[in-house]
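Here's a quick briefing to read alongside the model. Have the sequence and the 3D view open before you start.

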Amino acid sequence: MLEIKNLRKSFSSNCVLNDISCSFSKGKIIALLGKNGSGKTTFLKCVGNIMNIDSGEIEYNDSNFIFINDKSNIFGDLTIYENLRYILSIYNQKFDSDRYQKSIQDLGLNSMQSIPLKHLSAGNIQRNKILIALNTNWEYLLIDEPFSNLDKEGSIVVKSILSNLKNQKKIIL
């Protein structure tokens with residue numbers, strides 16, 4: 001279970017997150033809804049330990065998480081495969097060829113494997129982010145804007161993948 005207690009985050013005098021407490025059980029997909037600028041991304045960055053909080057506690061209960069942000073991939077000169085291998089090395093995780101091939105197939109990225117990420121469309125960059133999530137080990141997936149830039153087919157594929165992850169008792173926020 002992921003537990004957040006009295007989370008507070010401000011930028012100068014602007015309090016964006018004020019005394020937020022919540023918990024999330026395994027096997028759940030949680031959608032953060034709100035207007036632009038309401039603090040959804042800030043919340044994810046705080047929970048993902050990407051951004052410092054002013055006060056509060058975040059308890060992961062000895063579980064791994066991965067944060068997939070809404071920005072373009074920073075390793076644009078690398079291919080999908082090279083990028084994944086690099087990310088796995090950062091997380092000290094092993095590459096699983098079968099897992100990689102299945103996710104490439106599921107996400108429709110077969111023909112894109114040798115192209116540097118900087119030359120992929122925004123929708124295929126988004127599919128690559130999902131590929132990263134499918135090829136890393138985690139209990140909590142913190143994903144910002146998971147459907148941005150996806151066409152109808154891509155949205156259907158990602159919804160199916162997230163549903164399967166939920167059935168594996170993962171927490172997706």
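Why does Arg127 count as buried? Arg127 has a relative accessible area of 8%, and buried means under 20% (1.4 Å probe, protein chains only). Bear in mind that this is a predicted model, where local features need pLDDT of at least 70 and side-chain atom pairs count only at pLDDT 80 or more, while totals for chains, interfaces and linings use all residues. Residues are numbered from 1 along each chain as its sequence is written, and side-chain values use heavy atoms, with hydrogens and water left out.

**Around Arg127**
- Arg127 belongs to helix α4, which spans residues 122-134; helices here are DSSP runs (H or I, at least four residues), strands are E runs of at least two, and both are numbered from the N terminus.
- Setting aside neighbours within four places in sequence, Arg127 touches Leu107, Gly108, Leu109, Leu150, Asp151, Glu153 and Gly154, where contact means heavy atoms within 4.5 Å.

**α4 against α5**
- The axes of α4 and helix α5 (residues 152-167) come within 11 Å and cross at roughly 15°.
- That makes α4 roughly parallel to α5, a label for angles under 35 degrees.
- Axes are lines fitted to C-alpha atoms, for helices over the stretch in contact, with angles from 0 to 180 degrees between N-to-C directions.
- On the α4 side, Arg127, Ile130 and Leu134 make the contact; α5 brings Glu153, Gly154, Val158, Ile161 and Leu165.
- Sorted by type, the residues of this contact come out as 5 nonpolar, 1 polar and 2 charged, with Val, Leu and Ile among the nonpolar, Glu and Arg charged, and Gly polar.

**The sheet**
- Four strands, a total of 4, form an open sheet in the order β3-β7-β6-β5, with parallel pairing; two strands pair if DSSP finds at least two bridges between them.
- β3 (28-29) and β5 (65-68) stand at the edges with a single partner strand each, so one side of each has no neighbour in the sheet.
- β5 pairs with β6 (residues 140-143) in the parallel sense over 4 bridges, and the bridge partner of Ile66 in β6 is Leu141.
- Helix α4 lies across β5 and β6, at about 175° to β5.

**Helix α1**
- Thr42, Phe43, Leu44, Cys46 and Val47 are buried in α1 (residues 40-47).
- Their cover includes β1 (2-11), β2 (14-24), β4 (55-59), β5 and β6.
- Asn49 follows α1, with a positive phi near 60°.

Conventions. Buried < 20%, exposed > 50% of the residue type's maximum accessible area, 1.4 Å probe, protein only. Parallel < 35°, antiparallel > 145°, perpendicular 65-115°, else oblique.
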